[in-house]
Amino acid sequence: MHFYRPLRPIAAMTFDLDDTLYDNYPVICRTTEESHAALQAYHPLLKEYTVMQYQQVRDRLLAAEPEIYHDVSEWRRRAVEQAMLDVGIAASQAASGSCEVMAVFAHWRSQIDVPQETHKTLAALAQRMPLVAITNGNAEPHLCGLDPYFQFVLRAGPDGRAKPYQDMYHAAAEKLNLRPEQILHVGDDLTTDVAGAVRCGMQACWINAHNGNLMDINDARLLPTLAISQLASLTALV
């Protein structure tokens, strides 16, 4: 545990999900594979549709509608629908087909192997203060056993712009009826989690799982309040 700023009293904690509470890489790889297979299987016209083609559709959507970045699930659904339209599938079928593919995506997206350390740490913390999840992603905590620890979950898109924008940080403080400086946000990303939280007045804990050096990392825009290498270290703060 390394402190970069004075730690003020903590009345609540907010948490990023992906790569903070679990390793997100394996589930993303499997989800991408399974959802693309579902896309290809939906219609004969999509049988040979490649991942690169799909990514090009996503890129086109983002260029045309930059704000779609803030809702990754809708961005993905729209890209699936557009891919179907591009190969000649009727609009009504493409609309329903995109929902079918997204159902496959949602299933695999939450097949997450949550470490026992995460469960133990969150359970201990939840007995002492309110916990909230703030995510830019689309994992579903109730499908991977994490929801009992959180008072509520805020998602980019439905609940505001993606981190590091301050929408969800402010929403969390308002719903908790706390001042931002009373909240410690915990996350792995120095831009979305650390800089985003600090700029809105929260305290920030950086999960430095790979022994990174802040002096050598390009996206170290603002210093966190503290850095830890293991989630369990949080229990020493309360």
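This is a predicted model: local features need pLDDT of at least 70, side-chain atom pairs count only at pLDDT 80 or more; totals for chains, interfaces and linings use all residues.
Close-up 1. Strands of a sheet pair through backbone hydrogen bonds, either parallel or antiparallel. Along β2, A12 and T14 point one way, M13 and F15 point the other way, and all are buried. In a regular strand the side chains alternate between the two faces of the sheet.

**Close-up 2. Strand β2 beside strand β3.** β2 and β3 run parallel and are joined by 3 bridges. F15 has A133 as its bridge partner in β3.

Close-up 3. The open sheet has 7 strands, in the order β1-β7-β6-β5-β2-β3-β4, and its pairing is mixed. β1 (2-3) and β4 (152-155) are the edge strands, each pairing on one side only. Over 4 bridges, β4 pairs with β3 (residues 131-135) in the parallel sense. In β4, F152 is the bridge partner of V132.

**Close-up 4. Helix α6 on the sheet.** Helix α6 (residues 167-176) packs on the sheet, where it touches β2, β3, β4 and β5 (183-187). The direction of α6 makes about 155° with that of β4. Which residues of α6 are buried? They are M168, Y169, A171, A172, A173 and L176. An α-helix has 3.6 residues a turn, so residues three or four places apart point the same way. The buried residues of α6 pack against β2, β3, β4 and β5, and also against α7 (190-199). After α6 comes N177, which has a positive phi, near 60°.

**Close-up 5. Strand β6 and its pairing with β5.** Strand β6 (residues 203-207) is largely enclosed by the rest of the structure, because 5 of its 5 residues are buried. Q203, C205 and I207 point one way from β6, while A204 and W206 point the other way. β6 pairs with β5 in the parallel sense over 4 bridges. In β6, W206 is the bridge partner of G187.

Close-up 6. D16 lies in the loop between β2 (12-15) and α1 (25-42). Is D16 buried or exposed? D16 has a relative accessible area of 7%, and because buried means under 20%, D16 counts as buried. The side chain of D16 makes a polar contact of 3.0 Å with the side chain of K163. Apart from neighbours within four places in sequence, D16 is in contact with L21, I134, K163, H185, V186, G187, D188 and D193.

**Close-up 7. Helices α2 and α3 crossing.** The axes of helix α2 (residues 51-64) and helix α3 (residues 72-86) come within 9 Å and cross at roughly 115°. The crossing of α2 and α3 is right-handed. Which residues meet here? From α2 they are Y54, V57, R58, R60, L61 and L62. From α3 they are W75, R76, R78, A79, V80, Q82, A83 and D86. By class, this contact of α2 with α3 has 8 nonpolar, 1 polar and 5 charged residues.

Notes:
Residues are numbered from 1 along each chain as its sequence is written. Side-chain values use heavy atoms; hydrogens and water are left out. Helices (H or I, at least four residues) and strands (E, at least two) are DSSP runs, numbered from the N terminus. Buried means under 20% relative accessible area, exposed over 50%, partly exposed in between (1.4 Å probe, protein chains only). A polar contact is a pair of N or O atoms within 3.5 Å; within protein, one must be able to donate a hydrogen and the other to accept it, and residues adjacent in sequence count only if both atoms are side-chain atoms. Contact means heavy atoms within 4.5 Å. Two strands pair if DSSP finds at least two bridges between them. Axes are lines fitted to C-alpha atoms, for helices over the stretch in contact, and angles run from 0 to 180 degrees between N-to-C directions. A crossing is left-handed if the near helix is turned anticlockwise from the far one by less than a right angle, and right-handed if clockwise. Ala, Val, Leu, Ile, Met, Phe, Trp, Tyr, Cys and Pro count as nonpolar, Asp, Glu, Lys and Arg as charged, and the others, Gly among them, as polar.
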